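Hi,

Here is the structure I promised to pass on. Have a look, and then read on for what turned up.

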Amino acid sequence: MTENPEQILEGRCALITGGSRGLGRALCCKFTAEGARVAFTYLNNDDAANETRAMCKEAGGEALVYKVPVTDREATGRMVEDIEEKWGGIDILVNNAAVTQALPIALMEEEDWDYVMDTNVKGVFLTTRTVLRGMIRSKGGVILNIGSLAGVRMMEAPLHYYTSKAAIKGLTECLAKEVARYGIRVICLAPGLLEEGVGRNLPDHRLADYLKHCSLGRVGRFGEVARFAAFLVSDANTYMTGETVIIDGGV
Amino acid sequence: MPMKSNPSQSLGCLVFGGSGALGRVVCHALAAKGARVAFTYHTGGEVAKELVKELPGSQALQLDLRSVTEIESAVDAAADEFGGLDAFVQCAAVGVTMECSGPTSHHLMSQVDEKGWDMMMDVNAKSTFFAVRHISEIMRRNNGGNIVLVGSIDGVKPVPAPVHYAASKAALQGMTQAMSKELGEFGIRINLVAPGILEDGISRDLPDDLLSEYIKHCGLKRVGRLSEVASIITWLARENTYVTGQTILVDGAV
C-alpha cells in the first residue's frame with residue numbers, strides 16, 4: 001500500500017529508545033518514512049542496530065545511533081546533548097526500550113525485579129527528565145510511552161513486567177498534567193501481543209488464550225502499531241494528552 | 001490499510017450528523033484524504049446543501065434518528081452509491097432535550113422528564129445500535145470496515161454533566177466494547193472517540209461556569225478544536241487495522 005504523499009512528521013526530530021529490534025525498529029523506519037529525523041538507542045546488539053540504521057536509510061533518512069542503556073543517566077545526558085547540538089532540539093521522545101522475563105513470582109529474585117523495573121520504569125524517568133529540559137525550553141514536544149496491555153487489563157503476565165507497565169500508565173497521566181503548561185503532550189500507547197515482541201517467549205497456552213479472546217483473532221504487527229504511533233505524535237493530534245490508547249485487536 | 005469495498009475506488013464513508021459542527025469537519029477531513037462521503041442531516045438542510053457544494057460528489061441524506069426505518073434506508077442509500085461501506089462515523093447526537101431558561105442554566109436531573117430521557121436515549125444510543133446493526137451486515141459482505149462512534153468525556157470521567165446525556169454517551173462505550181467482540185471475526189473494527197469540551201457543537205450548550213471549571217482542570221487550559229478531534233476520527237476510519245473496542249479520550253488531560 002502506498003504511503004500518503006504528505007509526510008505527517010516532516011521536519012520533526014525524534015529520539016526512540018530501544019530501536020534496534022522489534023517495535024522500536026518499526027518505529028524508527030515509520031517515523032523516518034514520515035519525514036522525521038530519527039535518533040535511536042540500543043543496548044547491545046550491534047548487528048541489529050546497524051540493520052535498523054540501514055532500513056532507516058532505505059526509508060530516506062540518516063539515523064543517529066547510540067549504544068546507550070536507558071538506565072545510564074550520564075550516557076543519556078551526553079547523548080541528548082549531542083542530539084540537541086546536531087539538531088537544535090528533540091520534538092518527539094518515544095520511550096520504547098523495555099525488558100521482561102517469563103518468571104513466576106516464587107522464582108522472581110530481587111535482581112530480576114530490579115532489572116525489569118530499572119529498565120522499564122527508571123529508564124523512562126531518566127530519559128524523559130533529560131529530554132524534557134530541552135522541550136520545556138522550546139515550549140513544546142510530545143512524549144510517547146510504550147505501555148502494554150499487561151499493566152492496563154487484568155491478565156496473566158510476569159509480575160514485575162505487569163507492574164512496570166502499570167507504572168508507565170501512571171507516569172503518563174501525572175506527567176501529562178505537569179508538563180501541559182509547557183505545551184508538551186504525553187501519551188501512552190499500549191499494544192497487546194505483537195508478532196515478535198516481548199511476547200515471543202510466551203507459553204503456547206497463553207498465545208492460544210490471547211487469540212481466543214482477541215476480537216480480531218490475530219496478534220498485532222509492528223507496522224500497524226508504528227503507524228498509529230506516528231499519527232499520535234503528529235501535529236494532527238494536538239488535543240490528546242494523558243491518555244493511554246490500547247491497540248490489541250480487541251481483547 | 002483496511003480492505004476496501006471496491007478496490008478500484010477510494011473509501012466509501014457514511015457520516016451521521018454531517019450538518020453538525022463536528023460532523024461537517026469530519027466530512028471535510030475524510031474528503032480531503034480522498035474518501036467518498038455520504039452524510040446525514042436532520043434539521044440542518046441549509047448546512048447540508050452548503051456541504052454538498054463544498055464537497056463535490058458527496059451525498060446528503062435527510063434522516064430522523066428516531067426512526068429505525070429511516071436509519072436503514074439512509075444506510076442502504078449510501079451503500080448502494082458506494083457499492084458497500086468501508087467506514088461509518090456516528091457524529092449525530094443531541095446534548096439538551098428541553099428549552100433551557102437561559103444559556104447559563106445548569107441542566108439538572110429535576111429538569112429531565114421522561115420525554116427528555118427517551119429522546120436522549122433514542123437519538124444518541126438507540127439510533128447507533130440500529131445503525132451499526134445494519135451497517136455491520138453490509139460491511140461483512142465486503143470483508144470488514146471501520147466504525148467510529150463519537151462519545152463524550154461526560155460518559156467516561158466523573159464531570160458535572162446532564163445525567164441523561166452522560167448515560168447515553170456511556171452507553172456507547174458499552175456498545176463499542178460488546179460490538180467489537182461480536183464484529184471482530186468479520187474484520188469490523190469499532191471504536192469510540194470521546195472528546196472533552198470543544199470550540200463548537202454540543203459544547204455550546206455548556207453554562208459559562210462549567211466551561212471555566214473545565215478549562216481550569218484541563219491540562220492544556222483550553223477547549224479542543226473540532227479539527228483536533230476530526231483527525232483521530234479520520235485516522236480510525238481510514239487507516240486503523242488493529243484498534244478495536246477502545247474508548248479514546250481527546251480532552252487535553254482533564
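Chain B has seven helices and seven strands (DSSP runs numbered from the N terminus: H or I of at least four residues for helices, E of at least two for strands). Reading from the N terminus, its elements go β-α-β-α-β-α-β-α-β-α-β-α-α-β.

Before the rest: this is a predicted model, where local features need pLDDT of at least 70 and side-chain atom pairs count only at pLDDT 80 or more, while totals for chains, interfaces and linings use all residues. Residues are numbered from 1 along each chain as its sequence is written, with chains lettered from A and ligands numbered from 1 in the order in which they are written.

The C-alpha trace of chain B spans about 50 × 35 × 35 Å along its principal axes. Of its 254 residues, 57% are buried (20 or more other C-beta atoms within 10 Å of their own, with C-beta atoms placed from the backbone).

Now the contact between the chains: chain B puts in 26 residues and chain A 25 (contact means C-beta atoms, placed from the backbone, within 7 Å). On the chain B side, α5 (163-183), α7 (226-238) and β7 (247-250) each supply at least two residues. The biggest giver there is α7(B), with five.

Over in chain A, helices α3 (residues 73-87) and α4 (residues 110-138) pack at about 30 degrees with axes 10 Å apart (axes are lines fitted to C-alpha atoms over the stretch in contact, and angles run from 0 to 180 degrees between N-to-C directions). That makes α3(A) roughly parallel to α4(A), a word used for angles under 35 degrees.

Cheers

Notes: Angles under 35 degrees count as roughly parallel, over 145 as roughly antiparallel, 65 to 115 as roughly perpendicular and the rest as oblique. Two residues are in contact if their C-beta atoms, placed from the backbone, lie within 7 Å. A residue is buried if 20 or more other C-beta atoms lie within 10 Å of its own, exposed if 12 or fewer, and partly exposed in between; C-beta atoms are placed from the backbone.
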